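Dear colleague,

I am handing over the structure below, and after it you will find a short account of what turned up when I went through it. Please read the two side by side.

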Amino acid sequence: MSRYVLERNWGQMDEDELARYAQRSVKLRQESFTDITWEHSHVVSGTDGTLKSFCIYQAPSEERVREHAGQVGGHLLEHVYEIGATVSPKDFGG
């Protein structure tokens, strides 16, 4: 199964509201998107307070993660990247 990075822009959302959308994401996956897996996300805040998240998913297709993101709502899905490889320092002698 392919893996994807989703770059999401949540705007000026506070952390409580973001948590509600994360709960909605989990519920949707359990009910309607059982073929995708949310591995983890990194949430960052820009200098203007805008929240972004970079979410790692396993899914059968890019279209499937886009469909899920559309149903979660509350954000702009800026980019979807298919992961070509995962590397770490130990892959390079570190």
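Strand β1, which covers residues 2–11, is joined to β4 by six bridges, and the two strands run antiparallel. Within that pairing, Tyr4 has Glu82 of β4 as its bridge partner. Please keep in mind that this is a predicted model.

The sheet as a whole is open and has four strands in the order β2-β3-β1-β4, with antiparallel pairing. Its edge strands are β2 (37–45) and β4 (76–82), each of which pairs on one side only, and neighbouring strands are turned against each other by 20° on average, with direction ignored.

Two helices should be read together with this sheet. Helix α1, residues 15–31, lies across β1, β2 and β3 (51–59), and runs at about 165° to β2. Helix α2, residues 62–72, packs on the sheet and touches β1, β3 and β4, while its direction makes about 25° with that of β1.

I also looked at one residue of strand β3, namely Gln58. Leaving aside residues up to four places away in sequence, Gln58 touches several others, including Met1, Ser2, Arg3 and Asp35. Glu39 is also among the residues it touches, and the side chains of Gln58 and Glu39 make a polar contact at 3.0 Å. Finally, Gln58 and Trp38 are 20 residues apart in sequence, yet their C-alpha atoms are 6.6 Å apart in space.

Best regards

Technical notes: Residues numbered from 1 in each chain as written. Predicted model: local features only at pLDDT ≥ 70, side-chain atom pairs only at ≥ 80, totals over all residues. Heavy atoms only, no water. Pairing = 2+ DSSP bridges. Axes fitted to C-alpha atoms, helices over the stretch in contact; angles between N-to-C directions. Contact = heavy atoms within 4.5 Å. Polar contact = N/O pair within 3.5 Å; in protein donor to acceptor, adjacent residues only side chain to side chain.
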